[in-house]
Amino acid sequence: MSKARKSFIYSQIEAALAELLSTEEIEEALAPIFDQVAIATIRADDILAQAQRLAMPMDELGVLDILNALESHLSQEDSLSLDAVNDQVQAWFDGMDWEEIPSERMKSLQGDFLLAYSLPHADVPEYKHASNTSYWLALRMAHRLAQEIKQPVEILSIDPNLDPGDLETLVACSHCLRWVEAEG
Amino acid sequence: MSTARDSFLYNDIQDLLEKQLPEHGYPVPIILIRDILNDLFDSVALHVWSREDIIGVAKERGWPISPEATDEILENIERHVDCELGITWLTVEIAVDDFYGSIDWWELPKEKREQYKGDFVMKLEKDEDLPPSETYTFSPAVWQGDYRLLKDKTLQEVFEEAERIVKESNIPLRLYAMPPDNKPKAGVEENGKEIADFHPDYFEEEHKDE
């Protein structure tokens with residue numbers, strides 16, 4: 001019985017309809033479907049978590065696109081696995097033109113960023129964290145910084161789960177989204 | 001949008017709610033339910049495996065199948081979904097083999113045996129120490145040598161027939177479940193699944209008990 005199984009999607013439907021229908025009414029209506037299927041589910045949270053692990057900013061639209069692509073590419077041969085999620089998150093990231101995103105979209109893309117720059121005559125690059133923020137704000141910070149130092153600034157997206165003090169690992173696992181040049 | 005994704009589960013749920021709620025007198029506007037389901041289905045990707053998938057694998061492997069068995073296998077699959085791997089044909093094959101590997105066909109109650117359907121082969125296991133009954137004749141119309149194919153039968157029908165033959169002929173026999181279109185004689189032991197062996201001794205003991 002799906003009720004006994006409490007599959008994720010069944011529980012979600014039950015919760016979503018809880019204000020309209022009783023548990024028994026939902027079960028009565030849906031048991032014929034849920035008793036006769038096995039369902040593997042990937043949730044929006046799984047996509048967000050995977051995007052973080054892959055050091056990529058993400059927004060709701062991106063999650064929807066990835067979920068859509070996952071379902072569209074499904075066959076009985078290709079399962080809904082973490083590998084499939086990785087592939088689709090990577091494909092989504094590769095398909096984004098990070099320099100041409102409209103500012104409204106930039107505001108919705110959330111992530112952790114590192115602004116990398118080199119001061120004149122310095123041997124090693126410097127880094128500035130922009131944690132848990134939007135791509136748009138990270139870009140503004142990069143513009144301001146580039147103006148201050150009169151040097152180009154690279155915006156890297158990083159994995160927020162890594163140790164922020166371990167710059168070597170952070171940079172090695174990061175993605176370059178774009179460069180910002182000092183204006184004028 | 002999930003509706004654009006053509007999720008058949010989404011459509012089935014919506015259709016069922018649309019049909020069942022008014023039938024049961026629940027005054028819930030379907031448009032409201034549709035809105036709620038849209039949001040929910042937009043936040044997930046689903047891979048749905050159905051009875052047909054299980055039936056296909058079980059048949060291919062030569063197992064008899066019942067609706068209850070199918071649903072139990074689906075339940076086992078869903079309970080043990082590995083989020084790293086999802087559900088694959090291999091998952092289904094393993095679940096089917098695990099399920100059937102744990103069945104003691106003799107111990108199944110009659111009502112359950114009546115639900116299992118499939119193709120079966122009976123194979124006579126002639127034993128020199130057990131002289132065959134002179135009164136029983138094996139009709140060549142139904143027997144090919146020591147083999148007899150029983151197509152699309154319930155397990156209970158086959159058990160009853162096997163028991164009758166063994167009792168009347170005094171010849172032991174072994175019962176196999178077979179994949180569809182498998183000819184008897186050809187690879188029964190290799191392709192078939194042994195279900196049970198029937199020996200005259202079992203029934204003598206049964207009579208003694210009586």
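Colleague: What makes β1 of chain A and β1(B) a pair of strands in this model?

Modeller: In this predicted model, strand β1 of chain A, residues 37-43, and β1(B) are joined in the antiparallel sense over 7 bridges. Two strands pair if DSSP finds at least two bridges between them, so the name applies here. Within this pairing, A:I39 has B:V48 of β1(B) as its bridge partner.

Colleague: Which element gives the largest share of the side of chain B that touches chain A?

Modeller: The contact takes 37 residues from chain A and 39 residues from chain B. On the side of chain B, at least two residues each come from α2 (8-23), α3 (30-42), β1 (44-50) and α5 (67-79), and the largest share, 7 residues, is supplied by β1(B). By class, that side of chain B holds 22 nonpolar, 8 polar and 9 charged residues.

Colleague: Why is chain A called more spread out than a compact globule?

Modeller: For 184 residues the globule rule gives 16 Å, whereas the radius of gyration of chain A is 22 Å, well over that value, and chain A is therefore more spread out than a compact globule. Along the principal axes, its C-alpha atoms fill a box of roughly 75 × 35 × 30 Å.

Colleague: How many helices and strands does chain A have, and in what pattern do they follow?

Modeller: Chain A has 9 helices and 5 strands, which read along the sequence as α-α-α-β-α-α-α-α-β-β-α-β-α-β.

Colleague: What percentage of the residues of chain A count as buried?

Modeller: Of its 184 residues, 34% count as buried, the cut-off being 20 or more other C-beta atoms within 10 Å of a residue's own.

Definitions and conventions: Residues numbered from 1 in each chain as written. Chains lettered and ligands numbered in written order. Predicted model: local features only at pLDDT ≥ 70, side-chain atom pairs only at ≥ 80, totals over all residues. Contact = placed C-beta atoms within 7 Å. Helix = DSSP H or I, 4+ residues; strand = E, 2+ residues; numbered from the N terminus. Nonpolar A, V, L, I, M, F, W, Y, C, P; charged D, E, K, R; others polar. Rg over C-alpha atoms; globule rule 2.2 N^0.38 Å. Buried ≥ 20, exposed ≤ 12 C-beta atoms within 10 Å, placed from the backbone.
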